[in-house]
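Please look over the chain below before reading on.

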Amino acid sequence: LSGKYPIEYIELIRCVEDYLGKKVYNIKIPIWISLIAATVYNKLFSGAIVSVEQVKRMMEDKIFSHDNATHDFGYNPVSFSDGIKNEIAEYKNEV
């Protein structure tokens with residue numbers, strides 16, 4: 001299900017960075033280089049943690065409506081910022 005508001009990937013990274021209090025360095029590389037790197041990585045390591053399919057999914061638009069879920073099930077989404085803040089707080093309490 002979608003969240004309350006659309007969010008761009010870079011905003012998602014910055015939000016997590018802020019709430020974790022960690023500095024993240026973003027390096028933008030062309031998708032074709034990522035696909036080649038993932039392909040080689042997967043051929044070299046049987047337990048690879050990043051698949052070619054995951055890289056391909058980075059190109060997909062993941063913005064969609066939650067109107068039907070709201071209408072049918074009373075779904076009340078939260079913003080990514082609120083949701084990740086709660087998840088990080090819960091994570092920090094468990095660690």
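The paragraphs below go through these topics in turn.

This is a predicted model, in which local features need pLDDT of at least 70 and side-chain atom pairs count only at pLDDT 80 or more, while totals for chains, interfaces and linings use all residues. Residues are numbered from 1 along each chain as its sequence is written, and side-chain values use heavy atoms, with hydrogens and water left out.

Two packed helices are described by the angle between their axes and the distance between the axes. Helix H1 covers residues 9-20 and packs against H5 at an angle of about 40°, the axes being 10 Å apart. Helices here are DSSP runs of H or I with at least four residues, numbered from the N terminus. Axes are lines fitted to C-alpha atoms over the stretch in contact, and angles run from 0 to 180 degrees between N-to-C directions. The crossing of H1 and H5 is right-handed, that is, the near helix is turned clockwise from the far one by less than a right angle. On the H1 side, Leu12, Cys15, Val16, Tyr19 and Leu20 meet residues of H5 that include Phe80, Ile84 and Ile88; contact means heavy atoms within 4.5 Å.

Ser79 is in the loop between helix H4 (67-73) and helix H5 (80-94). Is Ser79 buried or exposed? Ser79 has a relative accessible area of 13% and is therefore buried, where buried means under 20%, exposed over 50% and partly exposed in between, with a 1.4 Å probe and protein chains only. Its side chain reaches the backbone nitrogen of Asp82 at 3.1 Å. Not counting residues up to four places away in sequence, Ser79 touches Lys4 and Tyr5.

Thr70 lies in helix H4 and is partly exposed, at a relative accessible area of 34%. A polar atom of the Thr70 side chain lies 3.0 Å from the backbone oxygen of Tyr75. Leaving aside neighbours within four places in sequence, Thr70 is in contact with Tyr75 and Pro77. Thr70 and Phe45 are 25 residues apart along the chain, and their C-alpha atoms are separated by 43 Å.

How many aromatic pairs does a search of the whole structure find? The search finds one. The pair is Tyr41 and Phe45, tilted, at 5.5 Å centre to centre with 50° between the planes. Rings of Phe, Tyr and Trp (its six-membered ring) pair if their centres lie within 6.5 Å; planes under 30 degrees apart count as stacked, over 60 as edge-to-face and the rest as tilted. Tyr41 is partly exposed at 28% relative accessible area, and Phe45 is partly exposed at 46%.

Methods:
Helix = DSSP H or I, 4+ residues; strand = E, 2+ residues; numbered from the N terminus. Polar contact = N/O pair within 3.5 Å; in protein donor to acceptor, adjacent residues only side chain to side chain.
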